[in-house]
Amino acid sequence: TWHLKKIPQIVRERTFSLDSPKFEAKTKLELNSVCGIECQRKLPVPSLSELKDLLSYETVFENGTRTLTEVNVLGAVLDPAGNTTTRRSLRKKRQIYGTDSRFSIYDKRFMTNFPFNTAVKVSTGCSGILISPKHVLTAAHCLHNGKDYVKGSKRLRVGLMKTKSRGNGRKRKGAKRNGMPSFQWTRVKSTHIPKGWFKGVSGDIALDYDYAVLELKRSHKRKYMELGISPTIKMMPGSMIHFSGFDDDRSGQLVYRFCSISDESNDLFYQYCDAEPGSTGSGIYLRLKEPNKKKWKRKIIAVYSGHQWVDINGEQQDYNVAVRITPLKYAQICFWIHGNDENCAQG
């Protein structure tokens with residue numbers, strides 16, 4: 001069951017203008033030397049003043065201008081347990097683990113209907129998910145490498161799978177017949193990235209804040225997926241998660257997968273879902289029952305950060321990681337969507 005939780009408040013304090021970004025960074029879908037499972041255990045719990053700093057955010061607008069918004073955090077409960085992790089199974093190797101368990105979605109009836117039609121393609125080479133009539137959730141490193149915004153993010157676009165063919169009704173050659181989706185591209189009006197992403201990258205990369213929200217220039221008029229607070233592994237049916245994206249090795253195809261989570265920290269899920277670059281930024285979701293109802297509902301509980309390399313005892317090891325939607329992150333993303341905290345009291 002989805003359990004309603006009281007959400008901390010994110011309140012805007014002041015906004016500053018910053019210099020325009022250079023937009024010269026290269027898109028890098030695999031990160032090296034990130035803070036991994038062992039490293040997470042040693043991280044101290046951030047103080048309230050540190051949280052305010054981490055949850056302050058940059059906004060880049062379509063015309064290249066940039067602002068920094070400082071925030072206050074009200075009603076946050078700091079967890080004294082720290083970044084504990086739950087070890088479930090031994091680590092496996094590589095992005096495709098043994099038999100490839102991914103499913104390519106070819107049938108238009110599935111591809112253009114919920115939940116698969118909430119998956120979108122981001123023009124920098126990543127995936128994302130629709131979270132409101134005008135907003136898309138994706139990974140921060142798809143847009144920013146920690147020092148500068150990536151080249152393609154200056155004229156950022158989002159591709160939504162087309163549901164109807166234009167013209168006189170005749171099928172065009174290629175994409176429509178072989179089940180490949182075609183895209184309707186929409187310009188991005190603004191991009192929000194938490195300051196925690198920039199701070200983490202300044203030294204050892206911390207993935208806890210590897211998420212971003214894109215505001216589209218116009219509404220997409222289709223069903224989107226709501227945000228949910230990420231439950232612990234024990235509270236998930238079979239510890240299973242699901243996500244769909246546009247993996248690089250299956251060009252133009254929508255790829256769906258599900259798998260169980262192996263480890264968790266306060267902010268991250270460690271899992272071995274089969275995935276290739278391109279699916280980075282996908283929304284990870286669960287299907288649970290609504291409180292006091294028999295109705296089931298899917299909600300996004302994490303963002304797929306991708307296949308990452310970590311330095312463990314002097315050795316580079318790999319895993320797939322997802323950034324959990326914690327109550328604080330829910331409050332921030334909800335604030336970005338609505339522009340206030342009134343609509344974000346419970347999640």
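This is a predicted model: local features need pLDDT of at least 70, side-chain atom pairs count only at pLDDT 80 or more; totals for chains, interfaces and linings use all residues.
Biologist: Where should I start with strand 14, and which residues does it span?

Modeller: Strand 14 covers residues 254–264. Start with burial. A residue counts as buried under 20% relative accessible area.

Biologist: Which strands pair with strand 14, and over how many bridges?

Modeller: Take the partners one at a time. Strand 5 (residues 103–105) runs antiparallel to strand 14, joined by 3 bridges. Strand 13 (residues 240–245) is also antiparallel to strand 14, with 6 bridges. Strand 15 (residues 268–271) pairs with strand 14 in the antiparallel sense over 3 bridges.

Biologist: Which residues can I click on to see the pairing with strand 14?

Modeller: Ser104 has Val255 of strand 14 as its bridge partner. Ile241 stands opposite Cys259 of strand 14. Asp263 has Tyr270 of strand 15 as its bridge partner.

Biologist: How many residues lie between strand 14 and strand 15?

Modeller: There are 3 residues between them, and the two strands form a hairpin.

Biologist: Where do Tyr211 and Trp336 sit in the fold?

Modeller: Tyr211 is in the loop between helix 4 (195–202) and strand 11 (212–216), and Trp336 is in helix 5 (residues 327–338), so the pair ties together parts that are 125 residues apart in sequence. Tyr211 is buried, at 1% relative accessible area. Trp336 is buried too, at 5%.

Biologist: What about Tyr256 and Phe258: how far apart are the ring centres?

Modeller: The centres of Tyr256 and Phe258 are 6.1 Å apart and the planes lie at 40 degrees, so this pair is tilted. Tyr256 is buried at 14% relative accessible area, whereas Phe258 is partly exposed at 35%.

Biologist: Which residues form the aromatic cluster?

Modeller: The cluster holds Tyr57, Tyr209, Tyr211, Phe335 and Trp336. Tyr209 also has a charged neighbour: Lys329 lies over the face of Tyr209, at 5.4 Å from the ring centre. Elsewhere, Arg157 lies over the face of Trp185, at 4.7 Å from the ring centre.

Biologist: Is Arg324 buried or exposed?

Modeller: Arg324 is buried, with a relative accessible area of 8%. This arginine lies in strand 18 (residues 315–324).

Biologist: What does the side chain of Arg324 reach?

Modeller: The Arg324 side chain makes a polar contact with the side chain of Glu264 at 3.3 Å. The Arg324 side chain also reaches the backbone oxygen of Ser265 at 2.8 Å. Beyond its neighbours within four places in sequence, Arg324 is in contact with residues including Asn266, Asp267, Leu268, Phe269 and Lys329.

Note on methods. Residues are numbered from 1 along each chain as its sequence is written. Side-chain values use heavy atoms; hydrogens and water are left out. Buried means under 20% relative accessible area, exposed over 50%, partly exposed in between (1.4 Å probe, protein chains only). Helices (H or I, at least four residues) and strands (E, at least two) are DSSP runs, numbered from the N terminus. Two strands pair if DSSP finds at least two bridges between them. Rings of Phe, Tyr and Trp (its six-membered ring) pair if their centres lie within 6.5 Å; planes under 30 degrees apart count as stacked, over 60 as edge-to-face and the rest as tilted. A charge sits over a ring if NZ of Lys or CZ of Arg is within 6 Å of the ring centre and within 35 degrees of the ring normal. A polar contact is a pair of N or O atoms within 3.5 Å; within protein, one must be able to donate a hydrogen and the other to accept it, and residues adjacent in sequence count only if both atoms are side-chain atoms. Contact means heavy atoms within 4.5 Å.
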